[in-house]
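Colleague: I have a model open and would like to be walked through a few parts of it. Could you take it slowly, please?

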Amino acid sequence: MAADRRNGMHPSEPGLVGVVSAAMALPRMSLPTVATVVAAVAALYFGREVFLPIAIALLLTFALAPLVSALKRVGIPRLPAVIASVLGAFTVLALFSFIVATQVSELAQNIPLYQSNILTKVRSLKETGVGGGVIARLSEAIERVGQELDRQETSPPAADQPRREPVPVEIIARERPLQVLQNLIGPLISPLASAGLIVVVVIFMLLEREDLRDRFIRLVGYGDLHRTTEALQEAGKRVGRYLLMQLVVNIVYAIPVTAGLWVLGIPNALLWGLLALALRFVPYIGPIIGALLPLFLALAVAPGWSLVLWTAGLFVAMEMITGNVVEPWLYGSRTGLSPLAIIVAAIFWTWLWGPLGLVLSTPLTVCLVVLGRHVPQFEFLDVLFGNEPVLEPHARLYQRLLAGDPEEATDHAEEMLEEKYLFDFYDKVAIAALLLGEQDRVRGVMGDEQRRRVAASAQMLVANLDDIAREEAEEDDDPATVEPATADKDKPAQAEGEDDTELPDGTDIAVLCAGGRGELDDAAAAMLAQVLEVQGATVSKASFADMDPTGIRRLELDAVDTVVVGFLNRDSVKHARFLVRRLKRAKSALRVGIVFWSKDGDDKKTEVEWANDINADFVGFGMVEAVQGALSSDPPVALKIAAKRRMRRRPRPARKAPLAAAK
């Protein structure tokens with residue numbers, strides 16, 4: 001907890017220097033990095049004939065490596081385990097391709113049988129149009145545009161020249177048998193050669209996996225074996241788990257789809273189930289394409305619309321079950337990519353490598369994110385495509401306050417308050433955000449208008465959290481709910497080694513919370529006041545302007561037991577001492593506490609020593625100490641008289657009598 005409170009404000013404080021250093025150390029793409037990225041993209045684009053098979057082989061190696069390891073643990077030697085794994089995988093792929101080709105051929109033969117149903121539905125759509133039918137009008141418009149484009153602009157023939165009729169010419173192509181055979185076999189050679197090359201590369205990668213790993217480490221990461229080893233393990237684990245879990249999810253999705261289409265009477269249900277299985281590897285648009293084809297066929301095989309609706313309902317239901325139940329259950333860990341990154345990666349890899357790049361986009365981007373997470377030069381990849389927050393919670397909150405957006409700041413706060421108490425959120429997140437604002441003010445990069453905007457947004461945030469504060473206060477007042485809730489929440493806190501802090505009860509205690517020297521101090525005082533209200537205290541608030549000598553005289557302190565003044569700026573010790581003296585002069589029986597919202601790491605003084613130095617009843621360095629000091633029942637400390645004033649009040653020595661002097 002002490003480390004969390006060191007997000008200070010003074011440039012000399014190590015906590016704040018760490019925050020500023022972290023902010024300045026955000027990943028930046030230098031010119032050499034941009035040049036490297038452009039060169040790498042150009043190489044991947046122009047060398048796709050070479051890199052695409054290697055990429056497919058690498059991903060298949062990640063996918064088959066766990067299977068090879070499992071066979072080796074059973075006792076099978078490496079070579080038979082590798083060959084069995086590769087042959088088994090490619091046999092399944094070949095069988096999949098054969099079934100799909102057979103089903104497509106059968107579907108092509110039956111298409112003429114569905115022509116009458118398609119024409120019937122087209123006529124019904126024409127009849128439902130207004131004023132001759134929308135479809136008819138669109139067809140006529142398209143036809144007129146086509147005729148206009150095909151019309152040739154030729155000059156009319158002269159009157160004295162006879163018009164010659166065109167001579168029909170017939171071209172007869174005479175192909176040799178070898179040329180016909182070449183035209184048939186040629187398109188098949190390239191895919192078969194690529195498949196054979198991929199098989200060979202996968203086999204050698206699996207056989208030489210350890211040697212390739214060592215060579216990669218020696219090439220790029222010999223100076224940092226720990227980081228390189230961690231990157232390789234994380235990349236292999238993430239990609240292998242993604243491919244395996246995605247395959248399991250797609251199978252779980254495809255089997256009910258196939259059975260449902262067969263029950264509905266959709267022809268070639270096995271084909272649509274297999275295509276749905278394969279297309280779900282394509283992010284986002286794959287399931288949509290896999291559903292459109294059976295919907296079109298349902299439109300063709302039945303005269304009515306009920307089959308189309310039942311087919312659409314089947315795909316929608318399976319997609320909802322798979323996305324909300326199956327995937328969260330099977331995916332123990334996610335890919336580590338943000339949703340936007342998946343879409344951008346799909347567009348990029350499709351442009352780079354075509355349809356195969358679209359299928360490989362997610363696992364390849366996962367590898368890039370892992371590279372950026374462990375290699376400092378490519379850290380921008382993790383920032384751009386990763387799903388981990390790139391800003392600390394307090395920095396994110398401060399950014400929203402700086403932008404004058406308390407609504408989004410409230411949304412973030414409510415998300416965190418689902419797992420934190422209000423005082424914990426204020427102590428570790430909100431106050432730390434205000435400390436960043438005070439640091440910007442001290443450095444001169446925040447103007448008066450920005451400071452007032454941040455303070456106003458913070459005050460609005462506190463007001464928006466009134467409902468949550470009221471709920472926490474009601475929970476504390478109800479003994480039937482506070483005990484089990486406390487017991488349940490204490491268990492994870494104690495398991496994680498967190499502090500189990502219990503704040504005192506503030507019933508029958510009146511506290512005045514005030515800011516020390518600025519609007520940001522007023523916002524921090526408002527947060528403290530809300531926490532004290534949750535504890536049952538009677539709380540009033542005062543601004544920093546009320547803490548000047550004339551303002552203190554106007555304060556109504558008769559019903560106040562304790563005054564707490566907070567400072568975000570640590571260089572306010574002298575000002576705090578003057579405030580304590582003025583407040584105690586205004587009311588001698590008043591308890592006065594000072595809160596410095598950050599603690600200097602080099603400071604060796606304790607809270608008691610600080611209180612004695614300032615002549616305050618207590619000095620705190622965080623929300624917990626402030627609440628405990630404000631709600632304490634200790635008697636007030638008497639005001640000390642300054643040393644110079646004591647010297648002036650020292651009695652003068654008595655004068656000697658004139659008679660004694662004469663003697």
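Predicted model: local features only at pLDDT ≥ 70, side-chain atom pairs only at ≥ 80, totals over all residues.

Colleague: How much space lies in the second largest pocket?

Modeller: About 1900 Å³, where a volume is the space filled by probe spheres set on grid points that are joined across faces, edges and corners. A pocket, on a 1 Å grid over the protein atoms alone, is an open set of points where a 1.4 Å probe fits, with protein on both sides within 12 Å along at least five of seven lines.

Colleague: And which residues lie nearest its centre?

Modeller: Of the 42 residues that line this pocket, Ile56, Leu60, Phe90, Leu93 and Val359 lie nearest the centre, and lining residues are those with an atom within 4 Å of a point.

Colleague: Which helix gives the most to that lining?

Modeller: That is α3, with eleven residues, and the elements that supply at least two residues each also include α4 (78-110) and α14 (355-374). Helices here are DSSP runs of H or I with at least four residues, strands are runs of E with at least two, and both are numbered from the N terminus.

Colleague: What is the lining like by class?

Modeller: It has 36 nonpolar, four polar and two charged residues, with Ala, Val, Leu, Ile, Met, Phe, Trp, Tyr, Cys and Pro counted as nonpolar, Asp, Glu, Lys and Arg as charged, and the others, Gly among them, as polar.

Colleague: Changing topic, how many residues does the largest nonpolar core have?

Modeller: The largest core has 55, and Leu532 and Trp597 are among those with the most contacts inside it. A nonpolar core is a set of buried Ala, Val, Leu, Ile, Met, Phe, Trp, Tyr and Cys residues joined through side-chain atoms within 4.5 Å, and buried means under 20% relative accessible area, exposed over 50% and partly exposed in between, with a 1.4 Å probe and protein chains only. A second, separate core of 35 residues includes Ala57, Phe90, Ile342 and Ala345.

Colleague: What does Leu532 touch?

Modeller: Leaving out residues up to four places away in sequence, Leu532 touches Val511, Cys513, Ala537, Val539, Val627, Ala630 and Leu631, where contact means heavy atoms within 4.5 Å.

Colleague: How many residues of β1 are buried?

Modeller: Six of its six, with Ala510, Leu512 and Ala514 on one side and Val511, Cys513 and Gly515 on the other. β1 also pairs with β2 (residues 538-542) in the parallel sense over five bridges, and two strands pair if DSSP finds at least two bridges between them.

Colleague: Is Asp508 buried or exposed?

Modeller: Asp508 is exposed, because its relative accessible area is 75%. Asn268, in the loop between α9 and α10, also has a positive phi, of about 55 degrees, but Asn268 is buried, with a relative accessible area of 10%.

Note on methods: Residues numbered from 1 in each chain as written. Heavy atoms only, no water.
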